[in-house]
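Below are some notes for a colleague who is about to look through this model.

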Amino acid sequence: MISTPRRNTDWCIFQMLEDPDELAVLEEIQQELIFQEQLTIEEYEQSLQFDEKCLNAMLDGLDAGSKVICPVCKSCLCPGTHFCPVSRNDLTVMSHLVLCQCGLHICTKGMTEQKLRSLLEDSLTEHGHRCLHNPEFSITSGMEEEASLLMSCLICDSWTVIL
């Protein structure tokens, strides 16, 4: 009987499977492949969770409609993330007061959400023409001064009083 390549391959596999050292190596390789597959699945699931959080944050922004998100809360980024949907609060805008849960409390005259949104957008647009970096917002007040909302950028060393 003439030996065929298929029979030689089968014979080699059979001999390899009988050798305990070879079996141990194959089992170790199989365990490593299973471990790598589990890591890939976990990474994929984490990526899906992050995508879901991003989508929910965007949908929340669409639902907000005419509300103005507090720029002080929004500029507080959590370490390692691009944004923190948990720390974003909507501003309460009244004709004489702008409030936020983060502590922003600024007295105003004749303020509306539309006016405030316009002030913020105009300031950000003007800054964007000079600098590519995102400015930060903060609240400042002196001893006798009322609180003010400031926009500042450490990169281009600029600051603007918004309110």
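1. The secondary structure of this predicted model comes to four helices and six strands. Read from the N terminus, the elements follow the order α-α-α-β-β-β-α-β-β-β.

2. Of the 163 residues in the protein, 21% are buried, and the protein exposes about 12,500 Å², of which carbon and sulfur atoms supply 57%. Among the contacts with a separation of 6 or more, 36% are accounted for by residues 24 or more positions apart.

3. The largest nonpolar core has 18 residues, and those with the most contacts inside it are Leu91, Val98, Leu104, Leu116, Leu149 and Leu163. Helix α3 (71-74), helix α4 (113-130) and strand β5 (148-153) each supply at least two residues of this core.

4. Which residues is Leu149 in contact with, leaving aside its neighbours within four places in sequence? The list comprises Pro71, Val72, Leu104, Ile106, Leu120, Phe137, Ser138, Thr160, Val161, Ile162 and Leu163.

5. Leu33 lies in helix α2, which covers residues 20-64. With a relative accessible area of 57%, Leu33 counts as exposed, because that term applies to values over 50%.

Methods: Residues are numbered from 1 along each chain as its sequence is written. This is a predicted model: local features need pLDDT of at least 70, side-chain atom pairs count only at pLDDT 80 or more; totals for chains, interfaces and linings use all residues. Side-chain values use heavy atoms; hydrogens and water are left out. Buried means under 20% relative accessible area, exposed over 50%, partly exposed in between (1.4 Å probe, protein chains only). Contact means heavy atoms within 4.5 Å. Accessible areas come from the Shrake-Rupley method with a 1.4 Å probe; for residues, only the protein chains shown count as cover. A nonpolar core is a set of buried Ala, Val, Leu, Ile, Met, Phe, Trp, Tyr and Cys residues joined through side-chain atoms within 4.5 Å.
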